[in-house]
Structures are given as structure tokens and as C-alpha cells.
Amino acid sequence: MQAPDATETDATRVTAVIGLARAGQVTEALAELDALRASGPLPPREQVMLLAIGLECRLARGDVGDALALGEELGDFLEATGPVGAIAHHARGELASALNELESALHHFEEAGRRIGPDDDDPEVLPWRAGLALASLRLGRRRDAAELALEHLGQTRPSGSAYARAQALRTLATADAAGDRVALLREARAVIDGTGARRLGAQIDTDLAGLLLLQGNTHEAEALALLRSAEEYAGRQELWPLQGRVRRLLERLGETPRRVQGEALAALTMSERKVARLAAQGLTNRQIAEELVVTVKAVEWHLSHVYRKLGIRSRTRLAATLGSLG
């Protein structure tokens, strides 16, 4: 049996990383990305795709410093023609947008559109029209933004990608204030349902919740359910920019944001973390004491502090509160 070509293997591994990111498994995608980059040099297209998806994941986490470092590496590909140059410019456009450098973002998105050929103009891989629409909107060019968003939506039909279409509907709901934005987001939710694209789904849910709150008290229950779902996902994946949006909307509802795993851990001492981990796994106080070589009284004392810090009343809520720690 002939061994697979190295380039083919690299492309498959990069595609797998992109798949994790599209599924909203940002933590897993970053781990695979680091491992792949450490394995050796990649062909230009695979290398630029990996840098671009890494930058997207870092921005989703709010890791601007790491995103800037990846943006510097992408600078080596900005003069390339075809998809390599287009992907590099699109990623730099996303970085510029995150930094509120909107004129720079416009330039990079436009360059991405100029460099990509008709055969490679895939709105799922390179949604440059969506980026251009949102940057135009923030610059006050509302008509341009709406036209670009509609054009982007039209481009998703031939591809048949649910992810690309849901993303395009979300972009149009943002860019076209004259349209039925709630209906567009509901359609986006229906399109993405069942695809496993958790991050895009959480973004759509947060957008929809915000619009529902503007319509009055009759939609508060639905908005709260959407926000709690997005809050749980964003906290588990440590997507702090999204988590910040969710929390601001929860505060408008008069609701208290729930602790996320990282915050819960930060509130505990090392001894409390050890006791909490074992309790979440189902061990009794005596078993924990034997495992850690401490007294049962010490375990009880630590657990009482854990409950107080985490805002829970008993160990029955411990595993759910700490998430994957258990």
C-alpha cells in the first residue's frame, strides 16, 4: 500500500483543525493547531490557513497579544497571489476590525476579494464580503454594508453550506437595519440547528436575545434561555468577548451571571481545589481525607469554603459548577 503524500497529510490535518474551530471547539482547535505547527514546516497554503484559523480562535478568546503575533507572521504572505494571499489579507482584516482599525480592515477585505479567483471564492472558507460589510457599517456606510451582506448571502446558495448560510444571515441581520432582523436570526438558528457549530450558534443566540429585549417584556423568557445557553458555552470555551456581551444583556434583564469554570477555580485555594475535585468525582468526605492524608474535619472545613465561594449549597451542584474539573 502506497504511503500518503506528505502534502496530502498536512492538508487533512489542517482541515481537521478548521473543522474543530467551525464546530466551536476552540480549546481543542488551539491544542491541535499548536501540535501541528510544532511538527515541522508546512506548504504555504496550509501554513496560511493554520495561521488564519489560529488568529480567529485567539480573537474569540480575547487573546489580542497572541493574535497580533499571528498577524505578524501572516505579513509574510500578503504579497502572494491567489488563495494564499487572499486568506492572509482576510485574516489581517479580521485583526484590524478587532482593533477598531476600520480603514485598514476595509483595505484587507477588498484585497482578499481582488486576489481570490471565481473557482476559489468560497464564502465558508473566505467570507470577505461579510467582513467588508461589517467594517463598512461601522464606518457609517449603511447602504454599502446592506448591499455587500445581500451579495454575500447570495454567494452561499451554490455552496450549500449550512454554516456559510447561517453566517451570512447573521451578517445581513446586523448590516440591514431595514430588514426583519429577528426573522433573519431565527432563520439562521434554524439553518445551523443540528450542525454542531456551537460558537456561531451562541453568537446568533446572543444577537437574537439582544433584539428580543428591545421588543419589550413579552420576550424576556426566551431571551433569558438563549443567553443562559450562550453563557454556558462561552464560559466552557473561555470566549471572554462573547461572555462579556452575554453578561451585559443578562444585567439588563436583572439576572446574575453564573460563574464560569475559570472564575470558580480562581476563587479556590490549592487545597480547596483538590478537595473539590475529589468531591465532584463522588468520593465521600472520609475517602477524600484518606486520599489527601488529612482529617475528615479538614475536608468538611474546605468544602464549606468551596460552597460559599462558588455560591452553592451542597456537593450535588459541585460537578455542574466546576464543569470538566470533575
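This is a predicted model: local features need pLDDT of at least 70, side-chain atom pairs count only at pLDDT 80 or more; totals for chains, interfaces and linings use all residues.
A crossing of two helices is called left-handed if the near helix is turned anticlockwise from the far one by less than a right angle. I begin with that term as it will return several times this morning.

Let us start with α7 and α8. Helix α7 passes α8 in such a left-handed crossing. The residues in contact are R129, A130, L132, A133, S136 and L137 on α7, together with R142, A145, L148, A149, E151, H152 and Q155 on α8. Sorted by class, this contact holds 7 nonpolar, 3 polar and 3 charged residues. Two packed helices are described by the angle between their axes and the distance between the axes. Here, helix α7 covers residues 128-138 and helix α8 covers residues 142-159; the angle is about 165° and the axes lie 8 Å apart. Angles over 145 degrees count as roughly antiparallel, and α7 and α8 are therefore roughly antiparallel to each other.

Helix α8 also packs against α9. Their axes come within 9 Å and cross at roughly 165°, which makes α8 roughly antiparallel to α9. This crossing, too, is left-handed. On the α8 side the contact includes R142, A145, A149 and H152, and on the α9 side it includes A164, A168, L172 and A175. The classes in this contact are 10 nonpolar, 5 polar and 3 charged residues.

How are α11 and α13 arranged, parallel or antiparallel? Their axes cross at roughly 25° and come within 11 Å. Since angles under 35 degrees count as roughly parallel, α11 and α13 are roughly parallel to each other. Helix α11 passes α13 in a left-handed crossing. The contact is formed by A202, Q203, T206, D207, G210, L213 and L214 from α11, and by L242, R245, V246, L249 and R252 from α13. Of these residues, 6 are nonpolar, 3 polar and 3 charged.

I turn now to the largest pocket. Its volume is about 1,500 Å³. Which residues lie nearest its centre? They are E56, E94, R170, R199 and Q203, out of a lining of 43 residues. Please note that Q203 also belongs to the contact between α11 and α13. Among the elements that give two or more residues to the lining are α1 (6-22), α5 (82-98), α9 (162-175) and α13 (240-252). Helix α3 provides the largest share, 7 residues. By class, the lining has 25 nonpolar, 8 polar and 10 charged residues.

Next, consider E103, which is placed in helix α6, residues 102-115. E103 and S136 are 33 residues apart in sequence, and their C-alpha atoms are 8.9 Å apart in space. S136 is one of the α7 residues that touch α8. Leaving aside neighbours within four places in sequence, E103 is in contact with L139 and R141.

Finally, a word on the backbone. Most residues other than glycine have a negative phi. Where do we find N100, which has a positive phi of about 65° although it is not a glycine? N100 is in the loop between α5 and α6. V293, likewise not a glycine, has a positive phi of about 55°. V293 lies in the loop between α16 (285-292) and α17 (296-310).

Conventions
Residues are numbered from 1 along each chain as its sequence is written. Side-chain values use heavy atoms; hydrogens and water are left out. Axes are lines fitted to C-alpha atoms, for helices over the stretch in contact, and angles run from 0 to 180 degrees between N-to-C directions. Helices (H or I, at least four residues) and strands (E, at least two) are DSSP runs, numbered from the N terminus. Angles under 35 degrees count as roughly parallel, over 145 as roughly antiparallel, 65 to 115 as roughly perpendicular and the rest as oblique. Contact means heavy atoms within 4.5 Å. Ala, Val, Leu, Ile, Met, Phe, Trp, Tyr, Cys and Pro count as nonpolar, Asp, Glu, Lys and Arg as charged, and the others, Gly among them, as polar. On a 1 Å grid over the protein atoms alone, a cavity is a set of points where a 1.4 Å probe fits but cannot get out, and a pocket is an open set with protein on both sides within 12 Å along at least five of seven lines; lining residues have an atom within 4 Å of a point. Grid points are joined across faces, edges and corners, and a volume is the space filled by probe spheres set on the points.
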